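I opened the notebook to record what I looked up. My entries follow the order of my questions.

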Amino acid sequence: MKKRSRRAFSLMELMVVIIILGLLTALIAPNILGQGEQARQRIACTAMQNIKQGLEMYKMDNGEYPSTEDGLNALVTNPDPDRFKGYLPGGYLSSKRAPLDP
């Protein structure tokens, strides 16, 4: 009759694996967690560039920037169709509403 040998991990082997996993997590986690905030900052910068381009196109077509009263909504809808005849149909931003501050 053959004896079956049971092989299992020793406590020391388990501790080494747990320490290695802990070190990997400590090195990798900060890099991954910081990406969310950087992505939000890049989105805000891209949105600001789009607004800047929309304002420049608005000025080229209408001869002036939108007034403070009209605000960024002037880039989406024509504030005064009688006054701004050169207004681009569809507005100067790709969205149908003025962007919000992220």
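In which helix does R40 lie? I found R40 in helix α2, which covers residues 35-62. I note here that this is a predicted model.

**Entry: R40**

Is R40 buried or exposed? Its relative accessibility is 51%. The cut-off for exposed is over 50%, so R40 counts as exposed. I then looked up its separation from P99. R40 and P99 are 59 residues apart in sequence. In space, their C-alpha atoms are 14 Å apart.

**Entry: the span of α2**

I checked the length of α2 next. It has 28 residues. At 1.5 Å a residue, the helix should span 40 Å. I looked up its end C-alpha atoms and they are 40 Å apart, so the two values agree.

**Entry: buried residues of α2**

Which residues of α2 are buried? I listed I51, G54, Y58 and N62. I wrote a reminder beside the list. An α-helix has 3.6 residues a turn, so residues three or four places apart point the same way.

**Entry: N62 and what follows**

I took N62 from that list, as it is in helix α2. Its relative accessible area is 15%. Buried means under 20%, so N62 is buried. What does N62 touch, leaving aside its neighbours within four places in sequence? I found contacts with F84, G86, Y87 and Y92. After α2 comes G63. The phi of G63 is positive, near 85 degrees.

**Entry: the nonpolar core**

Which residues make up the largest nonpolar core? I counted nine: I51, Y58, A74, L75, V76, F84, Y87, Y92 and L93. I51 and Y58 are also among the buried residues of α2. Leaving aside its neighbours within four places in sequence, V76 contacts Y87, G90, G91, L93, S95, K96, R97 and A98.

**Entry: the largest pocket**

How much space lies in the largest pocket? I noted about 180 Å³. Its lining is A47, N50, I51, Y92, L93, S94, S95 and P99. By class, I have five nonpolar residues, three polar and no charged ones. I51, Y92 and L93 were already in my list for the largest nonpolar core.

**Entry: P81**

Where is P81 found? I placed P81 in the segment after α2. P81 has a relative accessible area of 53%, so I marked P81 as exposed. P81 and C45 are 36 residues apart in sequence. Their C-alpha atoms are 31 Å apart in space.

Notes: Residues numbered from 1 in each chain as written. Predicted model: local features only at pLDDT ≥ 70, side-chain atom pairs only at ≥ 80, totals over all residues. Heavy atoms only, no water. Core = buried A, V, L, I, M, F, W, Y, C linked by side-chain atoms within 4.5 Å. Buried < 20%, exposed > 50% of the residue type's maximum accessible area, 1.4 Å probe, protein only. Contact = heavy atoms within 4.5 Å. Helix = DSSP H or I, 4+ residues; strand = E, 2+ residues; numbered from the N terminus. Expected span 1.5 Å × (residues − 1). 1 Å grid on protein atoms, 1.4 Å probe; cavity = no way out; pocket = protein on both sides within 12 Å on 5 of 7 lines; lining within 4 Å. Points joined across faces, edges and corners; volume = space filled by probe spheres on them. Nonpolar A, V, L, I, M, F, W, Y, C, P; charged D, E, K, R; others polar.
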